[in-house]
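Work through the exercises below with the structure in view. Each task is followed by a solution in steps.

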Amino acid sequence: EGATDLTLRINGQTRTVRAEPRVTLLDALRERLDLTGTKKGCDHGQCGACTVLIDGQRVNSCLTLAVMVQGKEITTIEGLAQGDELHPMQAAFLKHDGFQCGYCTPGQIMSGVACVSEGHAKTDDQCREWMSGNLCRCGAYANILAAVREVAS
Ligand code: FES
């Protein structure tokens, strides 16, 4: 099937990307827009490494077709900091050592942002459940939880 020009709103900017209808948002971001902060883990909706926000709601970008999110506001890890100032969730992950190898971290942070903004971070259990779709092979879960809970408090 032929490629078409897609117009995407990403981190407050309008970007045009040429892509076939089957191209995922994850691949469009990483391979065609040079936004490689969003990670590819499983590519099947099971690890959360590819988490981004669409109109403020978290989605797995590996399960989302780029063509379907035209006209929506896409936020990736690159869009969180304001200039030199980290987003509070990024600062909290640093403070609490919410990572080891760091591969899952962008997805964890995006999920954490949605956890707080959607009101799922009121208790440890609630937060743990919301974050359970984001796997961390290093097992940094306790520190990740501490970071998200601090931002929520
Ligand atoms: Fe999308 Fe694993 S890469 S959930």
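A crossing of two helices is right-handed if the near helix is turned clockwise from the far one by less than a right angle. The model used here is predicted.

**Exercise 1.** Describe how helix 3 and helix 5 cross, and what kinds of residues make the contact.

Solution. Step 1: the axes of helix 3 (residues 105–117) and helix 5 come within 10 Å, with a crossing angle of roughly 35°. Step 2: this crossing is right-handed. Step 3: helix 3 contributes Gln 108, Gly 112, Cys 115 and Val 116, while helix 5 contributes Ile 144, Ala 147, Val 148, Val 151 and Ala 152. Step 4: sorted by class, the contact has seven nonpolar, two polar and no charged residues.

**Exercise 2.** Decide how helix 2 and helix 5 are oriented to each other.

Solution. Step 1: the axes of helix 2 (residues 88–95) and helix 5 (residues 141–152) cross at roughly 135° and come within 8 Å. Step 2: angles over 145 degrees count as roughly antiparallel, and 65 to 115 as roughly perpendicular. Step 3: helix 2 and helix 5 are therefore oblique to each other. Step 4: the contact involves Pro 88, Met 89, Ala 92 and Phe 93 of helix 2, together with Ala 147, Glu 150 and Val 151 of helix 5. Six of these residues are nonpolar, none polar and one charged.

Note on methods. Residues are numbered from 1 along each chain as its sequence is written. This is a predicted model: local features need pLDDT of at least 70, side-chain atom pairs count only at pLDDT 80 or more; totals for chains, interfaces and linings use all residues. Axes are lines fitted to C-alpha atoms, for helices over the stretch in contact, and angles run from 0 to 180 degrees between N-to-C directions. Helices (H or I, at least four residues) and strands (E, at least two) are DSSP runs, numbered from the N terminus. Angles under 35 degrees count as roughly parallel, over 145 as roughly antiparallel, 65 to 115 as roughly perpendicular and the rest as oblique. Two residues are in contact if their C-beta atoms, placed from the backbone, lie within 7 Å. Ala, Val, Leu, Ile, Met, Phe, Trp, Tyr, Cys and Pro count as nonpolar, Asp, Glu, Lys and Arg as charged, and the others, Gly among them, as polar.
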